[in-house]
Amino acid sequence: MSIRKNEIESIEKVNNNLSLYEWNVLKTDVSPPNFLFEVLIVPEGAENLGELFYSEIKDKLYVVVGSYSSRFYFDEDRYSMETKYFISFLLSDNYDTKCLFTVNDREYWKYKSKSSVVDENLLEQMYKNIFRNIYEVDDILNNFLQD
């Protein structure tokens, strides 16, 4: 499925308002099963999911930002693992949850590079900002530096 303009604009709106949303870690091993994780569509070629963060950005509209590992092949037998990033929009009501779309960092870059200069690391930056916020990295380091 190809990326549509309003999907890109939605991603950028989330990025521009990142600090306004309440972010949480999406647990994958919780009972009962997590309704967001159950319907999450991860990018093709994803082998190992990293941290997943979610926020309800509007009533019944959720965003998941995450990382995953993917193989980069040098040749047929040799490869390395790369960390990549993605964002998914999910719609949930009391009875049903659907994944509206998922875009990885490469798809975002390919779409944006057709029409403008693009920040190819937008999804990576979003992920890292959420990570630092949730785990209070700046507070921990500032506390460490004050000792």
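Two strands pair if DSSP finds at least two bridges between them. Helices (H or I, at least four residues) and strands (E, at least two) are DSSP runs, numbered from the N terminus. This is a predicted model, where local features need pLDDT of at least 70 and side-chain atom pairs count only at pLDDT 80 or more, while totals for chains, interfaces and linings use all residues. Residues are numbered from 1 along each chain as its sequence is written, and side-chain values use heavy atoms, with hydrogens and water left out.

**Exercise 1.** Work out how S3 is tied to S2 and S4.

*Solution.* 
- Step 1: start with strand S2, residues 48–58, which runs antiparallel to S3 over eight bridges. Leu52 has Gly66 as its bridge partner in S3.
- Step 2: look at the turn. S2 and S3 make a hairpin with two residues between them, and Lys60 in that turn has a positive phi of about 70°.
- Step 3: go to the other neighbour. S3 and S4 are also antiparallel, paired over 13 bridges. Here Val63 sits opposite Phe89 in S4, and the hairpin joining S3 to S4 goes through five residues.

**Exercise 2.** Is Val65 buried or exposed, and which residues does it touch?

*Solution.* 
- Step 1: check the cover. Buried means under 20% relative accessible area, exposed over 50%, and partly exposed in between (1.4 Å probe, protein chains only). Val65 has 1%, so it is buried.
- Step 2: zoom out to the strand. Ten of the 13 residues of S3 are buried, so S3 is largely enclosed by the rest of the structure.
- Step 3: list the contacts (heavy atoms within 4.5 Å). Leaving aside residues up to four places away in sequence, Val65 touches Trp23, Glu51, Leu52, Phe53, Phe86, Ile87, Met126, Tyr127 and Ile130.
- Step 4: take Tyr127 from that list. Val65 and Tyr127 are 62 residues apart in sequence, but their C-alpha atoms are 6.2 Å apart in space.

**Exercise 3.** Find where Ser115 lies, and how its accessibility is classed.

*Solution.* 
- Step 1: find Ser115 in the loop between helix H3 (105–113) and helix H4 (122–134).
- Step 2: with a relative accessible area of 61%, Ser115 is exposed.
- Step 3: pick Asp59, 56 residues away along the chain; the two C-alpha atoms are separated by 32 Å.

**Exercise 4.** Classify Met81 by its relative accessibility.

*Solution.* 
- Step 1: Met81 belongs to strand S4, residues 79–92.
- Step 2: its relative accessibility is 38%, so Met81 counts as partly exposed.
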